[in-house]
Each structure stands twice: as structure tokens, then as C-alpha cells.
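Reader: I want to learn how to read a fold from coordinates. Take me through one case, feature by feature.

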Amino acid sequence: MEAFLLQLAAGIATGGIYASVALAIVMIYQATHHVNFAQGEMATLSTFMALTMIQAGLPYWVAFVGTLVLSFIMGALVERLIMRPVQHAPILTHVGVYIGMLLIIGNMTGWVFGYTIQMFPSPFEGGRPMLGGLFSSHQLGSVGVTLTVLILVYLFFTKTSLGLAMRAAAYNPRSARLVGIRVDVMLALGWGLAAAIGSVAPNMMLGILLYAFAGALLGGIDNPPGAVMGGFLVGVLENLAGAYIVGTDLKLTVALVIIIGVLVLKPSGLFGRVVFTRV
Amino acid sequence: MSLSPARFLLVLLGLAAALAPLWVLESFHLFQLTMAVIMALAVLGLNIVTGYNGQISLGHGAFFAIGAYVTSILMAQADWSFYATLPFAAAICGMVGYAVGLPALRLGGLYLALVTFSLAVAVPQLLKHKALEAWTGGVQGLFLMKPDPPRWLTSLLPFNADQYMYLNVLIVSGICFLLAWNLIRGRIGRALMATRDHPTAAEAMGMDIAALKTGAFAVSAMITGVAGALSAVAVEFVAPDSFTFLLSITFFVGMVVGGVASILGSIFGGLFVLFQPRRAGCDLWLDPDCFSVCASGRLRRFGAAPSGKAFIAWKPKTTISGEEFTMTISRRLLLAGSAGALAAPQIAAAQEAPGVTATEIHIGSTNALSGPVSSYSVISRCLEAMFKRLNDEGGVGGRRVKFTVYDDAYQPPRTLEQTRRLVERDRVAFLFNQLGTPTNSAVHRYVNQRSVPHLFLATGADKWANPREFPWTIGWQPSYRVEAQIYTKYVLEQRPNAKIALLYQNDDFGRDYLHGVQDVLKDRFRSMVVTATNEATDPTIDSQIVQLQATGADVLICGVVPRFAAQAIRRVHDIGWRPMMFMTNVSVSVGVVMQPAGVEKGVGLITSDYRKDQSDPAWAQDAGMNEWRAFMRRYVPDGDLGDNNYTYGYGVGATMIQVLRQCGNDFSRENVMNQARNIKPMDVATLLPGIKVQTQPDNYNVIRQMQLQRWNGQSWERFGNVIEGAGG
């Protein structure tokens with residue numbers, strides 16, 4: 001029983017990572033109705049920015065806010081310089097651009113910061129294991145940060161006029177423009193937000209992106225709280241399935257099965273809205 | 001389809017251009033061109049579904065892998081002929097493609113991209129799975145043989161295996177291209193495009209959208225699968241690590257560059273993905289491919305540059321040597337289809353030893369200068385600096401050493417390609433310290449067939465010490481298997497009734513630990529050991545640790561890479577598990593593992609080493625380490641002194657230089673190998689006292705001793721005597 005609880009806790013902790021990347025994916029989807037394949041690379045770049053600031057002697061939380069701001073600027077720039085010119089192009093063009101960004105940002109990060117593994121300090125270090133040893137303080141801390149960001153994003157989109165304007169710009173650009181919303185500004189803002197949120201996730205790698213996709217789809221790709229729930233769910237499912245059902249060497253396949261399963265059985269996800277397309 | 005005279009002439013010219021390389025290109029270039037044609041075929045497959053039918057696929061690497069594996073399994077396990085396997089590879093890929101295309105019917109373009117993306121990421125893991133290992137060869141992969149040219153052909157034309165392979169690939173690809181051409185030009189092709197451009201209208205016209213879409217997917221997967229099958233035979237090796245997500249991206253890039261929805265464009269796309277990245281390697285930072293020739297400008301980029309100093313330190317390329325210039329030119333000529341200039345290097349003086357002139361010895365290597373494990377590229381950097389020091393001191397045997405390192409991005413097919421480039425094009429004297437187990441596996445047979453010394457590899461796999469079957473290959477560091485044997489022996493001595501938990505990475509590296517433990521325990525393995533595995537792509541291994549703890553084990557042996565080592569140490573401590581814990585010596589660096597894990601959390605952890613740990617105060621005044629530090633200050637001033645890849649590089653470099661000195665004035669391949677297998681026990685500056693570098697003609701375990709050490713919270717404390725492992 002204790003082992004089961006520990007597996008559950010480990011799942012929730014890794015789920016936190018998936019949830020924050022999934023949240024970033026959903027943000028971009030809300031802003032542009034596309035999925036950004038370069039999200040993992042952008043998050044890595046943000047991580048290295050944060051590390052550079054910390055190594056330069058800035059306090060952790062200053063570096064944290066600094067990274068958010070820089071990532072926001074980076075995201076907005078990407079929208080303005082790269083995505084805007086292809087705004088009306090077919091999906092294939094967008095996917096091509098994302099793949100290009102994945103390669104360029106990934107290689108650039110390695111070029112500037114080197115490929116050596118570096119240690120990233122945790123702000124939640126030093127505490128004792130909590131909740132009866134189920135979580136380390138670092139794990140609880142990162143889950144906490146993810147949830148806080150989620151709440152902020154949720155409030156932003158539902159309670160502020162800026163957030164409403166952004167959603168309008170994504171769902172129906174033409175009507176939004178008619179009621180006086182600057183659609184282009186909104187889209188840039190959306191990209192910036194997504195990049196900033198992605199920067200909370202402290203890791204990189206394709207595997208994470210895969211799990212995050214699974215999480216975003218499971219929760220519903222147009223629903224931020226759903227994506228976060230989905231991220232946590234995938235984390236737990238993946239860990240439990242790895243431990244008790246398929247064995248640890250088929251974990252990636254679990255994510256694949258989740259993705260295909262959701263898409264085939266319930267494409268809108270657990271918490272998403274069903275969308276009809278009219279001709 | 002009637003041909004006008006002009007068209008006929010064009011076709012004839014095209015045919016001549018495709019066949020000409022058979023006679024005008026040397027083997028290595030022909031091999032490259034073969035790979036380019038294969039790439040073109042794979043891009044064509046992608047183009048049918050994505051370009052013509054508008055369904056975005058990011059996972060064609062998966063079909064490529066399936067095709068390659070079907071052919072390899074039938075050839076290696078069932079002794080089928082290569083030709084008989086092709087229809088099977090095509091059929092199975094077609095079926096998988098159809099199955100993947102089915103959910104796509106209900107989904108928009110973006111979702112299909114997601115499904116195929118996840119397929120591409122998950123397939124390599126499936127290929128490694130235990131249940132399939134009997135067929136797929138697991139992480140070790142499978143070796144194949146190229147078909148030999150039949151007698152009737154060789155009696156007409158003196159073809160070798162490379163030329164025959166090119167001919168085969170050309171014919172199969174030609175057939176596929178013709179079929180695709182026919183398909184696209186006809187009614188079905190127009191229906192495909194109509195479905196892409198306006199699905200609703202197409203449906204209203206009475207087209208069966210579902211059949212068209214799934215059919216397109218099946219045909220596309222089939223063609224890419226055939227390309228995969230051809231590549232498996234051309235490379236003569238398949239392993240799961242050859243089919244990463246990057247491969248799918250490569251196809252995608254090839255399609256976009258060559259031309260979306262264009263059959264001829266697929267050919268250009270294929271040529272582009274094979275040749276362009278390497279061309280760019282000399283000019284751009286994106287793919288730092290040729291390391292030594294651009295060294296002065298590029299070298300600095302590989303160290304850790306914590307504060308973004310790399311920008312300032314990096315000088316744009318201002319030093320084009322003559323060598324590099326000719327290299328660039330000749331590649332341009334190749335692309336232009338002219339081969340006159342390429343024949344020239346073939347006329348190298350035959351009586352001299354290859355790679356050796358009166359003033360120079362040319363040594364070749366490959367390393368992961370880009371990609372996920374490129375942190376090991378500092379080893380090449382260290383070796384480069386050591387040869388520079390050697391040259392500054394007057395060289396060896398009156399000659400300077402030239403060291404060329406090419407990037408293989410840790411992808412086995414690339415390693416083979418770059419190794420062939422070194423051996424056949426650059427005509428290096430021998431190969432030295434190539435990085436990685438899967439990568440070296442891909443060239444293992446090639447170098448032994450060609451009798452090229454393949455010396456002191458940067459991998460601890462057990463299989464390099466096999467003088468009887470592979471006399472030209474020799475490792476250097478103690479093998480992982482020997483290490484695991486030592487740990488297990490120690491466990492049996494301390495706790496005869498232990499229950500051992502073994503956590504290992506699901507690849508060649510991790511499996512050696514499994515084998516080492518099995519070697520010692522034999523029949524008792526089943527009752528004494530529980531195992532768990534992790535993938536390199538896993539974000540964390542928390543789950544595995546918890547699972548192992550729940551079995552009640554009191555000993556834990558870990559064969560995992562540094563990132564997971566830090567997690568394991570931290571997690572074991574945090575959940576209150578206190579086993580006797582062993583960590584592979586790959587993952588015990590103080591800076592990279594112990595500090596991130598938390599120094600107090602690792603107290604009691606046991607590992608082994610053969611090197612002096614540079615951060616250990618015991619070596620602060622050590623003569624050998626002072627020699628190393630002086631070298632680092634002078635030749636690698638911005639290198640990270642905490643990175644133990646530099647002490648490794650220094651040790652392996654010193655061994656190489658010793659062999660060169662032993663050679664006297666004879667640097668023929670036979671003599672180099674002969675000296676490499678006859679090293680009298682010698683001390684090396686960065687190795688622990690008592691641990692010798694040595695070889696005998698029947699024992700290729702260069703370093704076969706280690707000492708256990710324990711973490712005390714600040715540093716590693718050695719204890720016990722130097723232990724000699726038994727080897728395989």
C-alpha cells in the first residue's frame with residue numbers, strides 16, 4: 001500500500017512537469033489554433049536563461065521573474081517575426097515553421113550554453129520530506145508553482161478584459177476585429193504568455209513533450225484547467241502502468257496509447273467542448 | 001504514355017546521369033549517393049501523403065524503421081534473400097500505415113501530426129522491448145550482409161558489393177518512382193489532390209474520401225518502408241537508436257526543401273538531406289561537422305560557457321586552410337555531377353602506409369559533436385589539445401599528428417558514413433577513440449574487414465575485448481560488465497544473503513550491468529535479483545525506485561546515466577530507503593551528480609574508479625595531476641576542470657601517444673595494431689596508483705583493475721585493494 005502511495009506521489013510530481021508544458025501547448029492553441037512543436041526547445045532555452053541569471057548571482061526568485069519576462073518577450077517576438085507572415089498559410093506551412101524553430105532553437109541553445117549537463121538549483125531545497133515522506137520539498141514546490149500559474153492563467157482568461165479579448169481574437173478573428181480588438185496584438189500576447197508559462201517547466205526532451213501532448217489531449221486541447229488535470233493524470237497513469245501493468249520499458253507506449261485512444265474515442269478530450277465545423 | 005523525341009532524350013540523359021556514378025565514383029561516394037537515393041525514396045513516400053493528400057505526417061521515420069526491421073529480421077533470423085524480403089517489408093508497412101491512417105479519418109491535419117509524432121517517438125522503445133528481443137536483437141541491433149553481385153553480372157562487369165548495392169537501390173527506387181508518377185498523374189492522383197484542396201467538394205462529387213485517405217497513407221508508408229529496407233542492407237546494420245524522431249524530421253525537411261507535392265522534388269530533397277547538413281557543417285554552427293579543420297574558430301564552442309561568453313570567444317571563421325577549401329570545392333563538384341576531380345585522391349601513393357606522409361600522421365575519429373550526448377565532445381577537444389602539445393614538442397617519429405573528428409550526432413548510420421569517409425576519402429592511418437557503443441557497433445565489422453586499427457574506443461562495452469574475432473578493435477576503459485562483476489563479488493562477500501535490486505538503462509550500456517551481475521550469480525540470479533529499467537527519454541525514475549524498494553531489497557546497483565543517477569540518489573534517500581547502494585562509475589562526478597543530488601544524501605554510496613578524481617584533495621599535490629593541470633591551463637584554458645571527461649581524455653591520449661612512440665618509424669596499420677596489442681604495463685598520469693595500462697595479444701582489456709570507493713559527504717574515499725576483474 002505504501003508503495004502504491006509512493007507511486008501515486010511520484011506520478012503527481014512528474015505530472016506537474018507535464019501539466020505545465022501541456023498548459024503552454026493549450027495557450028498557443030487558444031491563441032492560434034495550432035500546436036507548437038518547438039515548445040520543449042523554448043522551455044529549455046528559458047531554463048538556461050534562468051540558470052545564467054542565477055550563476056550571475058541573482059537571487060532565485062528575481063531570476064524566475066526575469067526569465068518569465070524574457071520568455072514573454074521571446075514568445076511575442078516569435079509571433080511578430082515568424083508566425084505573422086504565415087498567418088493565413090495552410091497548416092502544413094505552420095508545421096514546417098514549428099519544425100524549423102525546433103531545430104534552430106534547440107541547436108542555438110546548445111551552441112550558446114554548451115551541451116554539458118548543468119546543475120539547476122531548487123528553491124525548495126533543504127526541507128525535510130513532507131506528507132509522511134511521500135513528497136520531497138522540491139517536488140511539492142514545483143507542483144505548487146504549476147498550480148499557482150494555472151490559477152493565474154484561469155483568472156486572466158475569465159476575469160480580465162484583456163484575457164477575454166485574447167480568446168475572442170483566437171476564436172473568431174473577424175468578429176473580434178469588428179468590435180475593435182487588435183487581433184495581432186492579442187496573438188503576440190498569447191505567444192508571449194505561452195512562452196512564459198512554458199518556462200516554468202524545468203526540463204526538456206522529446207519524451208516530456210510527448211507526455212505533455214497526451215495530457216493536453218486528454219484534458220481537452222481548448223481547456224487550460226483540463227490540460228493541467230490531463231498532465232497530472234498522464235503522470236499518474238504512466239507511473240502506475242509502468243509499475244504494475246506493462247513494465248517500465250513501455251512507458252512511452254502508454255503515452256502513445258493515451259493519445260490515440262483519446263483521439264479515436266473522444267477527440268475533444270475529457271473536459272473539452274465538442275466543436276462542429278460548418279461548411 | 002507516348003514519348004516525344006525530346007522527352008526520350010531527357011529520359012536517356014537522366015538514366016545516364018543515374019548510372020554514371022557506378023563507374024566514376026569511388027566507393028565512399030557511391031555509398032553516400034546510395035544513401036541519398038534511399039532518402040529520396042523515403043521523402044517520396046512522405047510526399048504522397050503529405051504533399052499530394054494534405055495529411056501531415058511527422059512520423060515517417062517509424063515506417064522507415066519498420067521496413068528496415070522486417071527486412072533485417074527475415075534476412076538475419078530466417079536467412080531469406082534480400083529480394084524476397086522487400087515485398088514483405090512493403091506489405092507490413094502498408095498495413096501499419098493503413099492502421100495509422102484510420103483514426104486520421106476522424107481528425108483534422110493537426111491531430112494526425114500529433115499521432116504520427118508520438119508514433120515516431122515510441123517506436124524505438126518498442127523495438128527494444130524484451131518480448132521482441134529474440135527477433136530484433138534488442139538494443140544490440142542486427143548485422144546483415146549486402147547481397148554479392150551474381151556471377152553472370154561480375155563476368156560481364158567487374159562490380160563490387162558497393163556498386164551492386166547502388167544498382168539495386170537505383171532499380172527499386174526507379175520502379176517506386178515510376179509507380180508513384182503513374183499514380184499521381186492519373187485519376188487517383190487528381191482525386192487525392194481534390195481531397196486535399198477541398199474535401200467537402202470532393203465528397204460531393206462522389207469521391208470516397210475515407211478510402212482515398214487511408215489508401216494514400218498505406219501507399220506512402222509502403223514506399224518509405226521499402227526505403228527503410230534498402231537502407232538496412234546498405235548500412236548492413238540496424239539498431240533502435242538509428243530511428244529517432246530526428247529521422248522523421250529529416251524526411252519532413254527534405255520534403256519541404258525539395259518541393260511539396262512534387263515527384264522530382266523528392267529526389268532533390270533526398271540529395272539535400274544527405275549532403276546539405278555536412279556542407280553546412282563547414283560554414284555554419286548548426287552542425288559542426290568538421291571539427292579539426294575549423295578547429296581554431298570552432299573549438300571554443302564546446303566547453304561550458306556559463307555566462308554566455310561563447311559569443312565573445314567565438315571568432316567567425318577567418319582561417320580557411322587549404323585543406324578545407326579543397327574539401328568544400330570537391331563536394332560542390334560532386335553535387336554538380338562532375339566527378340573528374342574526385343578521382344584524384346584515389347591515386348594516393350600505394351607503397352606508403354595509408355594516412356602517413358614524410359611529415360604527417362593522419363588519425364581519424366567520430367564523436368557526438370551535436371545532439372543529446374554532445375557533452376562527451378569535450379573528449380575530442382582534450383585529445384585535439386594533446387596532439388597539439390605533441391606537435392609543439394616536435395611530434396612523433398619526425399611527423400606531426402593531424403587529428404580529424406567528424407560529427408555522427410550519436411546516430412549509428414551516420415557513424416558508418418563518417419567512418420567510411422575517414423577511411424576511404426581522407427585515407428586516415430587509423431581510427432582512434434570513437435564515441436559510443438551503438439555507434440561503434442555499426443562500424444565494428446567494417447573496420448575489421450578492412451583491417452583498419454580501431455583503437456581505444458570511448459565506450460565501456462564488454463564486446464571490444466575480443467581479439468579472436470575482431471583483432472583490429474580494442475577498447476580502453478574497464479568494461480561495465482567487469483565493473484558489475486566487481487560490485488556483485490563485493491556484495492556476496494559482505495552480505496551473502498542479500499536481495500539485490502538492479503536498475504539499469506534499457507540499452508547496450510545498461511545491459512552490460514545485467515550481464516555482469518548474471519556472470520557472478522549464475523543460477524542464483526533469479527532468486528536473488530529484481531530488476532527495473534529506464535529509458536533515456538524518461539523524465540524521472542522516481543517510479544522505478546519506489547517499485548524496487550517495495551520488493552524489500554537491501555542492495556541496489558544502478559547502471560544509469562548521470563541525470564538519472566542524481567535523481568536516484570536523491571529519491572532513495574527521500575523515501576527513507578537505506579540499501580547498500582552501488583552507482584556506475586559513469587555517473588559519480590561530484591559536480592554533475594553528487595552536488596545536484598545533495599552531497600549529504602549520497603553518504604555511503606559505493607562506486608569504483610580507475611581515474612584520480614580531480615576534486616579530491618588527496619591529489620592536490622600529486623605529480624601526475626599537476627602534469628594534467630598544467631596541460632589544461634596551457635592547452636584547454638577555458639575547459640571545465642571539474643569535468644572528468646578531461647582526465648579520461650588525458651589518459652586515453654597518453655596511451656595513444658605511447659603506442660605511436662613504440663611504432664618507431666613504421667606507422668603501417670599492421671605495426672600500429674601490433675604495438676597497440678603489446679603495451680607493457682605502464683602508469684598514466686590521471687590513473688590511480690597501482691592501476692596499469694597494458695595489453696597482450698590475447699587480452700585486449702586495456703584497463704582491467706579498479707578500486708572501490710565510498711562517498712563520505714564531501715569526496716570519494718577509496719577503500720580496499722585494487723581489484724582485478726575477470727572480463728567477459
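Reader: What percentage of the 279 residues in chain A is buried?

Author: Buried means under 20% relative accessible area, exposed means over 50%, and partly exposed lies in between (1.4 Å probe, protein chains only). In chain A, 58% of the 279 residues are buried. A caution on the source: this is a predicted model, where local features need pLDDT of at least 70 and side-chain atom pairs count only at pLDDT 80 or more, while totals for chains, interfaces and linings use all residues. Residues are numbered from 1 along each chain as its sequence is written, chains are lettered from A and ligands numbered from 1 in the order in which they are written, and side-chain values use heavy atoms, with hydrogens and water left out.

Reader: How many helices and strands are there in chain A?

Author: Helices (H or I, at least four residues) and strands (E, at least two) are DSSP runs, numbered from the N terminus. Chain A has eleven helices and zero strands.

Reader: What share of the contacts in chain A comes from residues 24 or more positions apart?

Author: A contact means heavy atoms within 4.5 Å. Take the contacts in chain A with a separation of 6 or more: 74% are between residues 24 or more positions apart. For chain B, that share is 72%.

Reader: How much of the surface of chain A do carbon and sulfur atoms supply?

Author: Accessible areas come from the Shrake-Rupley method with a 1.4 Å probe; for residues, only the protein chains shown count as cover. Chain A exposes about 11,600 Å², and carbon and sulfur atoms supply 72% of it. Chain B has about 27,000 Å² of accessible surface, with 59% belonging to carbon and sulfur atoms.

Reader: How many helices and strands are there in chain B?

Author: Chain B has 30 helices and 14 strands. Of its 728 residues, 62% count as buried.

Reader: How do I read a single helix? What does helix α13 of chain B reach from its first C-alpha to its last?

Author: An α-helix has 3.6 residues a turn, so residues three or four places apart point the same way. The expected span is 1.5 Å times one less than the number of residues. Helix α13(B), residues 245-258, has 14 residues and reaches 20 Å, close to the 20 Å expected. Its buried residues include B:F245, B:I249, B:F252 and B:M255.

Reader: Which residue follows α13(B)?

Author: B:G259, with a positive phi near 135°. B:G259 lies in the loop between α13 and α14 (263-283) of chain B.

Reader: Is B:G259 buried or exposed?

Author: Buried, because its relative accessible area is 18%. Leaving out residues up to four places away in sequence, B:G259 touches B:N47 and B:G265. B:G259 and B:N47 are 212 residues apart in sequence, yet 8.7 Å apart in space, C-alpha to C-alpha.

Reader: Now sheets. What is the order of the open sheet of four strands in chain B?

Author: Strands of a sheet pair through backbone hydrogen bonds, either parallel or antiparallel. Two strands pair if DSSP finds at least two bridges between them. Here the order is β4-β3-β5-β6, with parallel pairing. The edge strands are β4 (400-407) and β6 (454-455), each pairing on one side only. Helix α19(B), residues 377-392, packs on the sheet and touches β3, β4 and β5 of chain B. Its direction makes about 165° with that of β4(B); axes are lines fitted to C-alpha atoms, for helices over the stretch in contact, and angles run from 0 to 180 degrees between N-to-C directions.

Reader: Which elements make a right-handed β-α-β unit?

Author: A crossover is right-handed if, with the strands pointing away from the viewer, the path from the first strand over the helix to the second runs clockwise. In chain B, β9, helix α26 (residues 562-574) and β10 make such a unit. Strands β9(B) (residues 555-559) and β10(B) run parallel, joined by four bridges. B:V555 stands opposite B:M580. B:M580 and B:F582 point one way from β10(B), B:M581 and B:M583 the other way, and all are buried.

Reader: Why is strand β12 of chain B largely enclosed by the rest of the structure?

Author: Because six of the seven residues of β12(B), residues 705-711, are buried. Four bridges join β12(B) to the antiparallel β11(B), residues 606-609, with B:I606 partnering B:R710. β12(B) also pairs antiparallel with β13(B), residues 716-718, over three bridges. These two form a hairpin with four residues between them, and B:G713 in the turn has a positive phi of about 105°.
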